[in-house]
Amino acid sequence: MKRTTTTHLRTIIIVFLSLIVVLEIGFISLRNPLRVDLSKQKLYQLSPRTRSVLGDLNQRLKIIVLLSEAAQAGNPQSAMEMADLALDMRNLLEEYETRSRHITVEWVDPYRDMNYTRDLAIKYDFTNPDGTATFPVVVFDLGDGAKTTCVHLNDIIDRKWSEELQRTVVSEFKGEQAFTGAIRKLLHGGNAKVYFLSGSGAGSINDNNQMGGLSALRAFAQRENLDFQELILSSKSIIPEDAEVLVIPGPKKRLPDYELSLIESYLSRGGRLLVLLDDGIETGLEGLLRSWQIETVPIAVADPSKQSGSDFLVKSSEFNFEHPITKALITEARDVCFYKPIIVYPRNEESSIKTGYLFLPGGGKSAVDINGELLPPCLGATAERSVSNALGGRSLMSRLVVIGDSDFISNGGYQISGNTALFMASLDWLLDRDIVISPKKMEDIRPSLTRKQKVKLFCVNIVVIPAVAVALALLMGYRRRK
C-alpha cells in the first residue's frame, strides 16, 4: 500500500514538473518567437534598415490601418485586390509587432465604423483637400499623439498595365518601404537634404522629359526620407551647409571653374558627392576625380553580349560582392540597364583614399580597347577619405560615388527596378544609412480553374478521400475481429 502511494506521488511530481517545463518553453517562445518567411518573394522578411529603425524605437507606437475589403464602385476586382493587400499588410505588420514590443496595430473598416473613422480623420487629418478620404490609409501615432504621420495607397503599391488581362494590376508591394520610412521620420525628424546641381545641361528633377528629365525621382524622395532640391551656383554663392549629398546628374558641358572650386571645397570638409557622367563630354571634373584616385574615359562602351544597340545590361552576378552599395542588389538579383555608359574605374595606388569598384562586366576577364589602351570595362567606382574638421576638432569622412551613365535614372530608365535601387543604394551609402529597401515583386499565384476542374477537386476532397479513410478503417476493424 505504501509502495503504491509512493509511486502515485512520484507520478504526480513528474507530471507537475513536466507541466512547468512546458509552460517555461511556451513563455520563452512567446518572448523570443522564431518566424520564417516561406513566401517566394520574401514579402515579409524585414530588411536590416527596418530592424535598425525598430531597434531605435523606445516609446509606444500605435499603427491604425483603415482598410475595407469591399468592392469599390461595383468593381469585384477591387475587392479581390483589397483582400490580397490586406493579407500582405497584416502579415508584414505582424513582423513589426514581433520585432518591437512598443508597437500595437489596430484595424478599422472605414465603411462599417463610419463614426470612429470620422473621429480619426479629425484627430489625424488624413483627408484630401476637398474633404474626402481615400482608403486605405495607415496612421502612425508615436507617443500618444506627440508625433503622427500617414501613409496612403500609392505609397504602398505600384500598378502596371497587363496586356494579358487588359487591366491594371498590382506589380510591386512597397509596404516595408513606406512603413519604415514613416517610423524613421517620426523618430529622427526631418528628411535628409539632397541637392541636384543644375546648369551645364545637367538633368533636372523638375523636368518631365522622358529621356533627360529626373522628375520621377521625386516619387521616391518622401518615401525614403529624402528632400530633393535643385541647386544653382553662381560665382558668389556656396554649397549650402545643410547639403548632406550633392548630386551632379550628367552635365552636358564643362562646369565653370568656380563650380569646380566649390565642389572641391565641399569634399574637403567632409562632403558627399554623387557624379553621373555621359559619353563624349568633358565636364572639367576629370582632374578632381583623378585626385580621388578615380579615372574616367568619356567614350561609350558597347555591351559585349550584344552585337549592336546602345543599351548595356549589367547582371547582378557582375556586381562587386563586397561593396555595400551593390551587395544588397545582388541578394535580390536586380540587374541594371545603362545607356551608352563610359568607363569609370578606381586606381590601385597606395594613399589615404580608399577606393572600390561597383560593377565589372565580364567578371574582369575581358578588356576594352580605348585608343590602343586595354582598360577594364568598369562602369562605376567609389572613394572615401577621412578629413579633419578645423572647427570641431574631429575627423569627418568624405565620400564619392561616380557612375558612367546618367540616363539610367531618367524618367524613362527609373522604371527598371534595379536602376532605382542602385541610385537609392548609392545615396544610402553616402548618407551612412542602411541600404535601401527594395519593393517586392507581386505575382498572382492563384490557380485558374474551370467549373469542371472545380467539381473534380470538390469530389476528390469531400467524397473520395473521406470514403477511402472510412473503407480502410472498416477493413482494419474487420481484420481485427477475424
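Phe338 has a relative accessibility of 2% and counts as buried, where buried means under 20% relative accessible area, exposed over 50% and partly exposed in between, using a 1.4 Å probe and protein chains only. Phe408, at 1% relative accessibility, counts as buried too. This is a predicted model, in which local features need pLDDT of at least 70 and side-chain atom pairs count only at pLDDT 80 or more, while totals for chains, interfaces and linings use all residues. Residues are numbered from 1 along each chain as its sequence is written, and side-chain values use heavy atoms, with hydrogens and water left out.

**Aromatic pairs**

- Nine aromatic pairs turn up in a search of the whole structure; rings of Phe, Tyr and Trp (its six-membered ring) pair if their centres lie within 6.5 Å, and planes under 30 degrees apart count as stacked, over 60 as edge-to-face and the rest as tilted.
- Phe126 and Phe135 have ring centres 6.3 Å apart and planes at 65°, so this pair is edge-to-face.
- Both Phe126 and Phe135 are buried.
- Phe338 and Phe408 also make an edge-to-face pair, with 5.4 Å from centre to centre and 80° between the planes.
- Because Phe338 sits in strand E13 (residues 336–339) and Phe408 in the loop between E19 and H11, their pair ties together parts that are 70 residues apart in sequence. Helices (H or I, at least four residues) and strands (E, at least two) are DSSP runs, numbered from the N terminus.
- A cluster of Phe319, Phe338, Phe359 and Phe408 is linked by ring pairs.

**Salt bridges**

- The count of salt bridges comes to 13, each being a side-chain nitrogen of Lys or Arg within 4 Å of a carboxyl oxygen of Asp or Glu.
- Glu384 and Arg399 meet through their side chains in one of them, at 3.1 Å from N to O.
- Glu384 belongs to strand E18 (residues 380–388) and Arg399 to strand E19 (residues 395–403), so the pair ties together parts 15 residues apart in sequence.
- Both Glu384 and Arg399 are buried.
- Arg290 and Glu295 form a salt bridge at 3.3 Å, N to O; Arg290 is partly exposed at 37% relative accessibility, whereas Glu295 is buried at 15%.
- Arg112 pairs with Asp109 in a salt bridge whose closest N and O atoms are 3.7 Å apart, and Arg112 is exposed, with a relative accessible area of 77%.

**Helix H11**

- H11 (residues 417–430) has 14 residues and spans 20 Å from its first C-alpha to its last, close to the expected 20 Å, a figure found as 1.5 Å times one less than the number of residues.
- Of the 14 residues in H11, 13 are buried.
- Just after H11 comes Asp432, which takes a positive phi of about 60°.

**Cavities**

- There are three cavities of 30 Å³ or more. On a 1 Å grid over the protein atoms alone, a cavity is a set of points where a 1.4 Å probe fits but cannot get out, and lining residues have an atom within 4 Å of a point.
- The largest cavity holds about 50 Å³ of space.
- Its lining includes Leu277, Asp278, Thr283, Pro298 and Ile342.
- Helix H9 (286–291) and strand E11 (294–300) are the elements that give two or more residues to the lining of the largest cavity.

Technical notes:
1 Å grid on protein atoms, 1.4 Å probe; cavity = no way out; pocket = protein on both sides within 12 Å on 5 of 7 lines; lining within 4 Å. Points joined across faces, edges and corners; volume = space filled by probe spheres on them.
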